[in-house]
Amino acid sequence: MKTTLLLVLVACAFATNTAMFDRIESSDLGRTLLNTIAIQMTTGEPLERIFQTLYDLEDRYIADQKEDDANNQAFQQVCDADLAGLNQELANLEQRNTELQAVLDDLVPIRDQKIGQKKAKELQKAELQKVIDETTAKRQEQADDFEAQRQEYTFVSSVLAEARRLFTDNLQAPSFLQKGEEKVHVTPQIMAQVASHMSQGAHKASTMKHVRTFGKAIKLLANLANRTQQFANQDLTGRVIKLIDDLQNQLSQAFDLARKAEDDRTRAFQAYISLLNKDMNKYNSSIANLTAEIQSLQDRIDATTASQNDVLQRIQAKTQQRDDRRGECQEAAYDYQQRRAARDKDRQTVSDLIGILNTNMRDLKEYIALRIAAGDKDLE
């Protein structure tokens, strides 16, 4: 019974070691080492040399791992420093961007406010210009009307002067025309000429704007001249001449009043337009100052915006640089982990083989014998 149990335990142990051999052979290093050990054992290589080879290999893995650990640690420290520096640069750039945005947040509303003020001033200026234009146009109409009045008065005056000349230039000798008790003698033809002349003048004056009243008076004189001609009344002739003189004086006085009114309008216009021009100058000055202030603010806004755009581009570039550097560091860490895992696996394989050589040499020899018997060409 004990013998049977022992055989079972031995069989189980061999099966366990066989599974270990299979696991070792699953890696290239394990298969290579098993093949090398098998060849060395079949050629009579001393076991001590085989052990020494494995110990040296295990020591080399340990040394390589220490060196790789140190290199990785140094590299990751550099990565940490680089990333810390890049993050600090990004923080500084973000702070600068915040400062520039704060400047823009201050400047833009002020500029917009100034633009609003300028538009308001321009609207006020436009309204004032409209008043100036309307006032100037009205004044020009008044000046034109006065000029027309002057021409009409001049016409009526010329009609009266011509009628008076007809009397004075055509007196019959030795008769004469004068004030006092002397009598006036003119021919009926001259009286008819005077009547016709004044009738024509009265008709034209009736179509005018400012001298219609004088036209009516001239018409009365023309009628009176006709009567004087018909009745050859010297008293009526004298009265006609006196009425012509009186009407001429009235015309002169009326025109003097019209001229005075025109002069008053001119002075009032000049005083008023002077005030309007002063207001216009104030608007122009305000608009010019606001334009300069707006331009100055816009220049500062443009410069600040350009600086901010530069900062944003630098942030973008610096972020990409940091991300790239982080990727390099992460990739290096991953490669390190892969190397360490592979090295640990290889070292474990060497350690397993050392353990087998120390405790299960018989199983190893039987495993090699089975492979040889199976025709394993790697062991030929």
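Me: How many helices and strands does the protein chain have?

Reply: The protein chain has seven helices and zero strands, where helices (H or I, at least four residues) and strands (E, at least two) are DSSP runs numbered from the N terminus. Along the sequence the pattern reads α-α-α-α-α-α-α. This is a predicted model, in which local features need pLDDT of at least 70 and side-chain atom pairs count only at pLDDT 80 or more, while totals for chains, interfaces and linings use all residues. Residues are numbered from 1 along each chain as its sequence is written, and side-chain values use heavy atoms, with hydrogens and water left out.

Me: What share of the residues of the protein chain count as buried?

Reply: Buried means under 20% relative accessible area, exposed means over 50%, and partly exposed lies in between (1.4 Å probe, protein chains only). Of the 380 residues of the protein chain, 31% are buried. The chain exposes about 23,600 Å², of which carbon and sulfur atoms supply 52%; these areas come from the Shrake-Rupley method with a 1.4 Å probe, and for residues only the protein chains shown count as cover.

Me: What share of the contacts with a separation of 6 or more joins residues 24 or more positions apart?

Reply: A contact means heavy atoms within 4.5 Å. In the protein chain, residues 24 or more positions apart account for 83% of the contacts with a separation of 6 or more.

Me: How many salt bridges does a search of the whole structure find?

Reply: Side chains of opposite charge can pair when their charged atoms come close. The criterion is a side-chain nitrogen of Lys or Arg within 4 Å of a carboxyl oxygen of Asp or Glu. A search of the whole structure finds 22 salt bridges. One of them joins R340 and D69, at 2.9 Å from N to O. Because R340 lies in helix α6 (residues 234–359) and D69 in helix α3 (residues 47–169), this pair ties together parts that are 271 residues apart in sequence. R340 is partly exposed, at 29% relative accessibility, and D69 is likewise partly exposed, at 24%.

Me: Is the pair E262 and R139 buried or exposed?

Reply: Both E262 and R139 are buried. They form a salt bridge in which the closest N and O atoms are 2.3 Å apart. E262 belongs to helix α6 and R139 to helix α3, so the pair ties together parts 123 residues apart in sequence.

Me: How many residues apart in helix α6 are D323 and R326?

Reply: D323 and R326 are three residues apart in helix α6, and are therefore separated by about one helical turn. Their side chains meet in a salt bridge of 3.4 Å, N to O. D323 is partly exposed at 33% relative accessibility, and R326 is partly exposed at 30%. Elsewhere, salt bridges that share partners join D68, R339 and R343 into one network.

Me: Which residues form a disulfide?

Reply: A disulfide is a covalent bond between the sulfur atoms of two cysteines; here the criterion is a pair of cysteine sulfur atoms within 2.5 Å. The search finds one disulfide, formed by C79 and C329 with their sulfur atoms 2.0 Å apart. The torsion about the S-S bond is about -100°, so the disulfide is left-handed. It links distant parts of the chain, with C79 in helix α3 and C329 in helix α6, 250 residues apart. Both cysteines are buried.

Me: Which residues of the largest nonpolar core touch the most other members?

Reply: In soluble globular proteins, nonpolar side chains tend to be buried together. A nonpolar core is a set of buried Ala, Val, Leu, Ile, Met, Phe, Trp, Tyr and Cys residues joined through side-chain atoms within 4.5 Å. In the largest core, of 32 residues, V156, L160, M198, F214, I218 and I244 touch the most other members. The elements giving two or more residues to this core are α3, α4 (188–206), α5 (212–231) and α6. Helix α3 gives the most, with nine residues. Not counting residues up to four places away in sequence, L160 touches I218, L221, I244, L247, Q248 and L251. A second, separate core of 20 residues includes L34, I50, L353 and M361.
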